[in-house]
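Open the model in your viewer and keep the selection panel at hand.

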Amino acid sequence: MTTERPLPPGLHPDTLAVRVGIERSQYGEHSEALYLTSCFVQPDAETSARRFAMQEEGYTYTRTSNPSVTAFERRLAVLEGAESAIGTASGMSAILLLGMGLLRSGDHVVCSQSCFGSTIKLFGTDFAKFGVETSFVSQTDTAEWKAALRPNTRLLFAETPTNPLTEVCDIAALAALAHDAGALLVVDNCFATPVLQKPLALGADLIIHSGTKFLDGQGRVMAGAICGAARHVDGIFAPLIRSAGMVLSPFNAWVVHKGMETLGIRVAAQSANALEIARWLEQHPAVERVYYPGLPSHPQHRLAMAQQSGVGGSVIAFNVKGDDATQARARAFHVIDSTRVCSIATNLGDVRTLLSHPASTSHGRLSEAQRQAAGVVQGMIRLSVGLEHVPDIEADLARGLDSCGGVA
Ligand SMILES: *Cc1c(COP(=O)(O)O)cnc(C)c1O
C-alpha cells in the first residue's frame, strides 16, 4: 500500500462522502479499486492461522471481509456518524442479520404498522416462527408505542418517513421510550438518508439501510447495511455474518460506494424537484390529496421539518379523485399509463422518476381492509422524483390528470 496523507479532523460530510474509503493499492489508483475476489492469498501458514483466528488484521475470505466492502462500510459509517457499519446483500438481509443477532426466543419487538411490507412480514411471520413476538403499532402515536412495551421488549423498530404515505415518527421520543424500557431503537433510514436525517444523533441505537435505493441512486444493484456502535456491529453482527453469509458482494459494494459520492447533491436536487411537483399536484383539480412531508398540509409537517433538516425528501404519494374505488383505480391507471417520461417501476431513490400504484404492487398482498387501514387507496399513485427538468415531469403527469374526466 502507498503511504497516505491522513485526512485532517473536522471535515464536513460532503467532503467525507467523496474522500473516506480505504488505502490505495501500490498503484496509487485515484478511483477506488474493485477487489473482485472471493479469497486472499496468504504469505505463509502461520499468518493465515492468525488471521483466521482474528488475532491479526488481514483479509482471508470475502464472506468475512473484503476491501471493497470495507470501503463502503467506512464511508456509510462516517455519513451516519456511526462508530461502525456492516454491509449486507440487501436491505432485508440487514434486518434479518439484526434480528438474528439481537433476538432470541421469548423476546418481544414493537414495530410500526406502516413499515415496509417485507419488514412487517419478516417480523410478524418469519421471526415469529422462532418464538419472537412483534406488536405492530401506529406510526405517529407515541402513546401506542409506550402502551405496547413489555418487560421482554428488546427492540423498537421504526421507519421514517414511511412508504407510501410519508408518515413521520418522532425518533427522539421513541429513543427515550426504548431506553427507559431497557430496549434498543432501530431506525430504517432508507427514505431520508443521512443527508437529511441522522437517527443516531437523535438517540437511535442502530440504523438499517437499503443501499438499493438512494445510496446507489441509479437503480443498479442490491445492497444493505446496519450502522451503530462497534459493540453491536463488530461485536455481534460481524462474527454472525461470517456464519450466516448474507454478505454484500464486492462489486455491489463498489457501485454503492461510488454512488455515495453524489448522495448529497442528488438528495438535495431531487427533494427540491419533489417539493415543486408536490405543490403543483396539490392545486391540480383531478387530485384529491397529496402526501408529502415538505407541504404544510402534511399532518406531521413541523416534526418532519425539524427532524429532516427542513427538507421533505423525494417521495410523494397522491390520490386521484374518483366517485368510488373502481373509478379512482381506473383513473390512477390512466394517469400512470399516460406518462411517457416517468418509469412505471416499484423501486425508489433513482435519478429517474418512478411511478407506481401501491394498492396493486407493493401493498397488493394486503387485504382490502388492511389497505384501507394503511390509507393505501385504489386512487393512490406513488412518485419517486428524480433529476429530470420539473416542467417535463409535470407535463408527463398532466397528460393523464387533465384527461381523467373521460375515464368512467
Ligand atoms: C426497499 C426497502 C427495504 C428493503 O431493501 P432491499 O434492498 O430491497 O432488500 C427496506 N426498507 C425500506 C424503507 C425500503 O424502502
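A polar contact here is a pair of N or O atoms within 3.5 Å; within protein, one must be able to donate a hydrogen and the other to accept it, and residues adjacent in sequence count only if both atoms are side-chain atoms. This is a predicted model: local features need pLDDT of at least 70, side-chain atom pairs count only at pLDDT 80 or more, and totals for chains, interfaces and linings use all residues. Residues are numbered from 1 along each chain as its sequence is written, and side-chain values use heavy atoms, with hydrogens and water left out.

**Stop 1: the two domains**

Colour domain 1 (13–262) and domain 2 (264–406) separately. These bounds come from an automatic or database domain assignment. The domain centres, taken over C-alpha atoms, are 28 Å apart. Domain 1 brings 31 residues to the contact and domain 2 brings 35, where contact means heavy atoms within 4.5 Å.

**Stop 2: the interface**

About 2700 Å² is buried between domain 1 and domain 2, and carbon and sulfur atoms give 58% of it. Buried area is the accessible area (1.4 Å probe) that two parts lose on being put together, summed over both. Now select Leu 165, Leu 196 and Phe 214. They supply 26% of the area that domain 1 buries against domain 2, more than any other three residues.

How many residue pairs are in polar contact between domain 1 and domain 2? There are 15, both residues at pLDDT 80 or more.

**Stop 3: the largest cavity**

A cavity is a set of points on a 1 Å grid over the protein atoms alone where a 1.4 Å probe fits but cannot get out; lining residues have an atom within 4 Å of a point. Grid points are joined across faces, edges and corners, and a volume is the space filled by probe spheres set on the points. Two cavities reach 30 Å³ or more.

The largest holds about 60 Å³. Select its lining, including Pro 161, Thr 166, Pro 293, Gln 308 and Val 315. Each domain gives at least three lining residues.

**Stop 4: the second largest cavity**

This one holds about 30 Å³. Select Phe 191, Ala 192, Leu 196, Phe 214, Val 267, Ser 271, Gly 313 and Ser 314 to show its lining. Both domains give residues to the lining, so the second largest cavity lies between them.

Key: On a 1 Å grid over the protein atoms alone, a cavity is a set of points where a 1.4 Å probe fits but cannot get out, and a pocket is an open set with protein on both sides within 12 Å along at least five of seven lines; lining residues have an atom within 4 Å of a point.
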